[in-house]
Amino acid sequence: MPGGWAAGLDAAAVLGGQGVDASTSSPRILPLLDAAAQVLQEGLPLLAPAVALRVVDIAGFEGSDVLLAVGPRIRSPFVSARLAGAGRVACAVCTIGWAVERRVSQLVRADPVIGLAWDGLGTAAVDLLARVVCRQVADDAHRRGERATCAIHPGMVDWALGEAQELIFGVVQPEPDVVRLSESGQMLPCKSLSFVVGTGPHVDERDTGCAVCEAAPRCHWRRRRAS
């Protein structure tokens with residue numbers, strides 16, 4: 001990863017990783033901000049970002065299936081619609097390593113506020129890492145005169161979680177000592193994300209994952225990301 005990828009991590013982002021809006025005026029937010037600042041100072045050096053990325057050609061579309069040049073087909077009307085106009089798919093697996101969740105396990109019972117702050121740091125960090133990768137994929141597409149879709153994650157709408165995880169891991173083949181799938185399909189370390197991004201001259205860049213979320217009209221996190 002390029003240096004400085006984690007520059008966007010601050011106390012507000014750590015609270016966001018806990019589902020807390022740092023802009024609230026409630027006095028109860030102050031100890032949470034203090035905990036977030038403490039965890040940031042200790043936790044940033046422990047992050048071990050790793051990305052496995054592979055771009056594969058789309059061989060075609062068959063009904064609601066996406067046929068890839070490598071690996072099995074993607075069986076999802078939702079994904080097929082969002083990849084319409086794409087000629088390639090970037091498949092990615094991102095992780096920040098084991099250190100954060102180990103600290104969560106150590107602290108969440110002894111000091112819940114600090115333990116949850118660690119968890120928030122991990123969530124915010126892997127989310128930011130995934131967004132950095134998406135921007136890189138989009139930038140590469142733009143240099144070719146193409147566009148890029150939003151990140152499409154396993155489990156979204158009708159893309160079955162287990163099937164999607166196995167497809168992405170099968171394509172990118174990350175090092176198992178860095179990130180792997182459990183027998184139940186869970187990524188280990190847990191602070192990991194997998195997704196695909198379509199690129200091509202005619203894909204819809206305006207569409208986002210928010211477009212299919214029932215909470216989108218009232219979501220303040222969506223407004224923060226758009227700002």
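This is a predicted model: local features need pLDDT of at least 70, side-chain atom pairs count only at pLDDT 80 or more; totals for chains, interfaces and linings use all residues.

**Salt bridges and a helix pair**

How exposed is each partner? D65 counts as buried because its relative accessible area is 11%, and buried means under 20%. R73 is partly exposed, at a relative accessible area of 26%.

D65 also has a salt bridge with R75, and there the closest N and O atoms are 3.4 Å apart. This second pair links distant parts of the chain, ten residues apart: D65 sits in strand β2, residues 65–68, and R75 in strand β3, residues 74–75. R75 is partly exposed, with a relative accessible area of 48%. As for the background, side chains of opposite charge can pair when their charged atoms come close.

Next, helix α5. R143 and D140 are both in this helix, three residues apart, which is about one turn of it. Their side chains meet in a salt bridge, at 2.2 Å from N to O. Which of the two, R143 or D140, is exposed and which partly exposed? R143 counts as exposed, because its relative accessibility is 64% and the cut-off for exposed is over 50%. D140, with a relative accessible area of 35%, is partly exposed.

There is also a network: D57, R88, R144 and E146 are joined by salt bridges that share partners. Over the whole structure, the search finds ten salt bridges.

Now the helix packing. Helix α4 covers residues 99–107 and helix α5 covers residues 112–143; they pack at an angle of about 165°, and their axes are 8 Å apart. That angle makes α4 roughly antiparallel to α5, because angles over 145 degrees are counted that way. The crossing of α4 past α5 is left-handed.

Which residues meet there? On the α4 side they are V100, R103, V104 and L107. On the α5 side they are P112, I114, G115, W118, D119 and G122. By class, the residues of this contact divide into six nonpolar, two polar and two charged.

Conventions:
Residues are numbered from 1 along each chain as its sequence is written. Side-chain values use heavy atoms; hydrogens and water are left out. Axes are lines fitted to C-alpha atoms, for helices over the stretch in contact, and angles run from 0 to 180 degrees between N-to-C directions. Helices (H or I, at least four residues) and strands (E, at least two) are DSSP runs, numbered from the N terminus. Angles under 35 degrees count as roughly parallel, over 145 as roughly antiparallel, 65 to 115 as roughly perpendicular and the rest as oblique. A crossing is left-handed if the near helix is turned anticlockwise from the far one by less than a right angle, and right-handed if clockwise. Contact means heavy atoms within 4.5 Å. Ala, Val, Leu, Ile, Met, Phe, Trp, Tyr, Cys and Pro count as nonpolar, Asp, Glu, Lys and Arg as charged, and the others, Gly among them, as polar. A salt bridge is a side-chain nitrogen of Lys or Arg within 4 Å of a carboxyl oxygen of Asp or Glu. Buried means under 20% relative accessible area, exposed over 50%, partly exposed in between (1.4 Å probe, protein chains only).
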